[in-house]
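Hi! Here's the structure I promised to pass on. Have a look at it first, and then read my notes below.

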Protein chains: 2
Amino acid sequence: MSDRSPSDEESGASTPATPSSREKILDTAEALFARSGFSGVGMRTVSEQVGLGKSSLFYHFSSKVKLYCAVLERALEDFVARLDEARVQDMPPVERLHTWVDGVVTALAEHPSWARLLLRSLFEEDIADEHDQQRIDTLFESIVSRLSRALEEGIRSGEIRPVSIPHTIQTLIGMTLFHFASGDLGEDLLGESVFEPKQIQLRREHIRHYLDHVLRTSPRT
Amino acid sequence: MSDRSPSDEESGASTPATPSSREKILDTAEALFARSGFSGVGMRTVSEQVGLGKSSLFYHFSSKVKLYCAVLERALEDFVARLDEARVQDMPPVERLHTWVDGVVTALAEHPSWARLLLRSLFEEDIADEHDQQRIDTLFESIVSRLSRALEEGIRSGEIRPVSIPHTIQTLIGMTLFHFASGDLGEDLLGESVFEPKQIQLRREHIRHYLDHVLRTSPRT
DNA sequence: GTCTATACACCGATAGAC
DNA sequence: GTCTATCGGTGTATAGAC
């Protein structure tokens with residue numbers, strides 16, 4: 001999603017002290033798209049919350065769809081980068097999954113918009129043009145393939161039960177994305193926000209429990 | 001959602017041979033809202049797909065919001081009714097959960113719109129008026145409380161591990177709703193639609209496996 | 001880069017004929 | 001019950017001044 005890079009001010013610098021308009025727009029749009037979905041957000045609302053005129057948005061992003069894609073790709077890239085940060089290559093499969101789950105939970109907890117944004121993006125259809133959609137699909141695919149490889153490896157070595165890999169991946173996504181996207185329902189259930197530190201930790205342990213008891217062939221108590 | 005019941009033709013009769021306009025509208029709107037969400041669907045699209053003029057919809061439902069609520073309530077009521085069909089009261093907790101999961105998977109498989117419709121409704125906010133929202137909340141609550149009671153009972157009797165009840169419910173919802181709502185992602189993973197009979201059965205077994213290995217204190221192989 | 005003004009399609013909803 | 005016609009508002013997007 002290189003929709004235009006006006007002035008290209010900070011080459012490679014991370015989090016400049018004064019965020020550019022482009023970044024302010026992305027941050028605002030991310031929160032709004034996560035809360036209300038693509039068609040539930042108007043450019044007017046975005047512009048008002050950013051503090052710019054409506055038409056100024058079109059200087060930075062040529063259309064609403066392009067803005068949406070930019071938001072989604074930025075989040076997905078950050079997300080994937082975090083997964084790769086963890087030095088994980090030489091861990092045994094289940095330990096690798098543990099590390100990933102920890103990282104994913106941390107990421108979703110630090111960016112409360114991500115879970116809803118990513119979940120919604122799986123339901124949204126035919127918004128992006130072919131090119132943008134392919135970039136997005138590739139990012140999702142890179143997440144799935146990492147999981148897939150770890151499971152496959154573990155099953156081959158006997159560390160993991162011979163479960164259905166796709167169904168297990170679906171479950172893992174549901175356990176993480178859905179939980180942090182569940183909003184009011186989750187809050188009603190837990191008695192407090194899913195983003196409370198205590199609940200975040202509980203979620204981590206809950207998923208760990210799943211990994212150890214459903215997947216592992218020799219469960220540890 | 002009693003927005004009006006013109007003529008009230010078939011009192012209590014189930015699935016009349018010739019569906020009323022009201023029912024055709026509900027069916028069409030259900031599919032559309034599930035696919036594109038509340039703000040992604042216009043009354044124009046609904047009316048065209050039903051085969052009526054746009055303004056005829058407003059004879060049957062006083063507003064778009066009321067139509068949405070009617071769709072959601074109808075689905076939720078059907079859903080809850082199916083859960084209650086199963087004679088389940090005197091089963092031990094884990095067996096009761098098994099039976100429910102079977103029923104839920106069957107229901108979601110028979111009504112491909114439901115998973116997305118219900119999942120989306122958890123993200124949609126402040127659409128219905130206070131009265132309608134309360135009806136919807138009550139229906140969700142009745143599902144959650146059934147699950148909650150079964151888990152609590154099982155933990156008390158020692159049949160189920162002392163897991164976090166809210167987190168377990170979240171996981172169960174994620175495993176069912178998310179899976180059948182996942183659309184293209186699920187299809188890419190499985191290699192075929194999540195609604196293929198073979199995949200439906202696999203899903204049932206996958207959740208059963210979870211119930212037996214994560215929840216049960218003495219897992220059966 | 002940001003603004004004002006504007007084009008034009010579509011939205012939800014209503015009025016009134018049949 | 002369904003239609004046509006129409007209202008006011010909002011949607012995305014563009015033109016052009018500064």
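This is a predicted model: local features need pLDDT of at least 70, side-chain atom pairs count only at pLDDT 80 or more; totals for chains, interfaces and linings use all residues.

Let's begin with DNA strand C. It has 18 residues around it, and the closest are G53(A), S55(A), H60(A), M43(B) and K64(B). What does G53(A) do there? One of its backbone N or O atoms lies 2.3 Å from a phosphate oxygen of DNA strand C. The bases get contacts too: a polar side-chain atom of S55(A) sits 2.6 Å from a base oxygen, and one of K54(B) is 3.2 Å from a base nitrogen.

Now for DNA strand D. Of the 18 residues around it, K54(A), K64(A), G53(B), S55(B) and H60(B) come nearest. Which parts of chain B reach its phosphate oxygens? A polar backbone atom of G53(B) is 2.3 Å from one, a side-chain N or O atom of S56(B) is 2.9 Å from one, and a polar side-chain atom of H60(B) is 2.8 Å from one. Helix 3 of chain B gives the most to this surface, with four residues. By class, the residues here are six nonpolar, nine polar and three charged.

Happy browsing!

Note on methods
Residues are numbered from 1 along each chain as its sequence is written. Chains are lettered from A and ligands numbered from 1 in the order in which they are written. Side-chain values use heavy atoms; hydrogens and water are left out. A residue is near a molecule or strand if one of its heavy atoms lies within 4 Å of it. A polar contact is a pair of N or O atoms within 3.5 Å; within protein, one must be able to donate a hydrogen and the other to accept it, and residues adjacent in sequence count only if both atoms are side-chain atoms. Helices (H or I, at least four residues) and strands (E, at least two) are DSSP runs, numbered from the N terminus. Ala, Val, Leu, Ile, Met, Phe, Trp, Tyr, Cys and Pro count as nonpolar, Asp, Glu, Lys and Arg as charged, and the others, Gly among them, as polar.
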